[in-house]
Amino acid sequence: MKEERAYQYVLTHATPGDPDSILDTFDNWCSKVEFISNIGPKKGKILDRLLMEQSPLVVLELGAHCGYSTVRIARALPLGARLYSVEMDQRNAAITEKIIRLAGFDDDTLIVNPSDEVIPRLQSDYGLERLDFVFMDHWKKCYLPDLQMLEGSGLLGKGSVIVADNVLFPGAPKFLRHIRKSGLYEWKIHRATLEYSKGIRDGMAELQISLPVPSAG
């Protein structure tokens, strides 16, 4: 399993407790040895900047995969912020757990379940009242239904930001069509190349809620 091989490499080459070292070691493995669809360093810098600008206190990550983006997000958050990371694959979640512990982020909450089961329970099971920032990097076909579920959850408010990776490659056309038509969002596409590649064009969508979200009732 390539995620396990990447973890073993990070474990033996990165400095424990140093998020930057862990990310650099991941990048080295993924660019030189074996491709893993992390957000990568180029799009990662865009995500870093958005997190620094927003200083969100409650963050939801959909698709932790093997913990790269989880560490990337956690190191950019202000003191006292909470990160809730969702990963449905048990084996990847086990690696994510080890990676975030290795980086020194013991307070992050890892939820091992499909996103469509987690989102409706964020209020009841985790006591969340509002999401300041959502990062989507899971199955692209889930982007639209999960966004619509979040819209109906009461957790998104004016100023909430959603960032979605890989909206151009492999692409999420229904998701993009919805954000264009809904009228809820100010949005833009940050264009970049696919992680660890030079020629494949990709991009991340950045959405900011500019109107009150209609309640589900």
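Is His65 buried or exposed, and what is its relative accessible area? His65 is buried, with a relative accessible area of 18%. Buried means under 20%, exposed means over 50%, and partly exposed lies in between (1.4 Å probe, protein chains only).

## About the model

This is a predicted model: local features need pLDDT of at least 70, side-chain atom pairs count only at pLDDT 80 or more, and totals for chains, interfaces and linings use all residues. Residues are numbered from 1 along each chain as its sequence is written, and side-chain values use heavy atoms, with hydrogens and water left out.

His65 has a phi near 55°, a positive value in a residue other than glycine. His65 sits in the loop between strand 1 and helix 4. Helices (H or I, at least four residues) and strands (E, at least two) are DSSP runs, numbered from the N terminus.

Ser55 also has a positive phi, near 45°, and is a residue other than glycine. Its place is the loop between helix 3 and strand 1 (58–62). Ser55 is partly exposed, at 40% relative accessibility. Another backbone feature is the cis peptide bond between Phe169 and Pro170, where omega is about 0°. Pro170 belongs to helix 9 (residues 167–171).

## Salt bridges

Side chains of opposite charge can pair when their charged atoms come close. A salt bridge here is a side-chain nitrogen of Lys or Arg within 4 Å of a carboxyl oxygen of Asp or Glu. The count by this rule is eleven salt bridges.

Take Asp48 and Arg72. Their side chains form a salt bridge, at 2.8 Å from N to O. This pair links distant parts of the chain: Asp48 is in helix 3 (residues 40–54), Arg72 is in helix 4 (residues 68–76), and they are 24 residues apart. Asp48 is buried, at 12% relative accessible area. Arg72 is buried too, at 5%. Asp48 has another partner, Arg75, with the closest N and O atoms 3.1 Å apart. Lys140 is buried, at 18% relative accessible area. Asp137 is buried, at 11%. Elsewhere, salt bridges that share partners join Asp20, Asp48, Arg72 and Arg75 into one network.

## Nonpolar cores

In soluble globular proteins, nonpolar side chains tend to be buried together. A nonpolar core is a set of buried Ala, Val, Leu, Ile, Met, Phe, Trp, Tyr and Cys residues joined through side-chain atoms within 4.5 Å. The largest one has 38 residues, and Phe26 and Phe133 touch the most other members. Several elements each supply at least two residues of this core, including helix 1 (2–13), helix 2 (19–32), helix 5 (90–103), strand 4 (133–136) and strand 5 (161–164).

Which residues does Phe26 touch, not counting residues up to four places away in sequence? They are Ala6, Val10, Asn38, Cys66, Tyr68 and Ile99. Contact means heavy atoms within 4.5 Å.

## Aromatic rings

A pair of aromatic rings is described by the distance of the centres and the angle of the planes. Rings of Phe, Tyr and Trp (its six-membered ring) pair if their centres lie within 6.5 Å; planes under 30 degrees apart count as stacked, over 60 as edge-to-face and the rest as tilted. This rule gives four aromatic pairs.

One of them is Tyr84 with Tyr126: the centres are 6.1 Å apart and the planes are at 70°, so the pair is edge-to-face. Tyr84 in strand 2 (residues 82–86) and Tyr126 in helix 7 (residues 122–126) are 42 residues apart, linking distant parts of the chain. Tyr84 is buried, at 8% relative accessible area, whereas Tyr126 is partly exposed, at 31%. Tyr143 and Phe175 also pair: their ring centres are 5.5 Å apart and their planes are at 70°, so this pair is edge-to-face. Tyr143 lies in helix 8 (residues 143–151) and Phe175 in helix 10 (residues 173–182), 32 residues apart. Tyr143 is buried, at 0%, and Phe175 is buried, at 1%.

A charge can also sit over a ring, if NZ of Lys or CZ of Arg is within 6 Å of the ring centre and within 35 degrees of the ring normal. Lys141 lies over the face of Trp139, at 4.9 Å from the ring centre.
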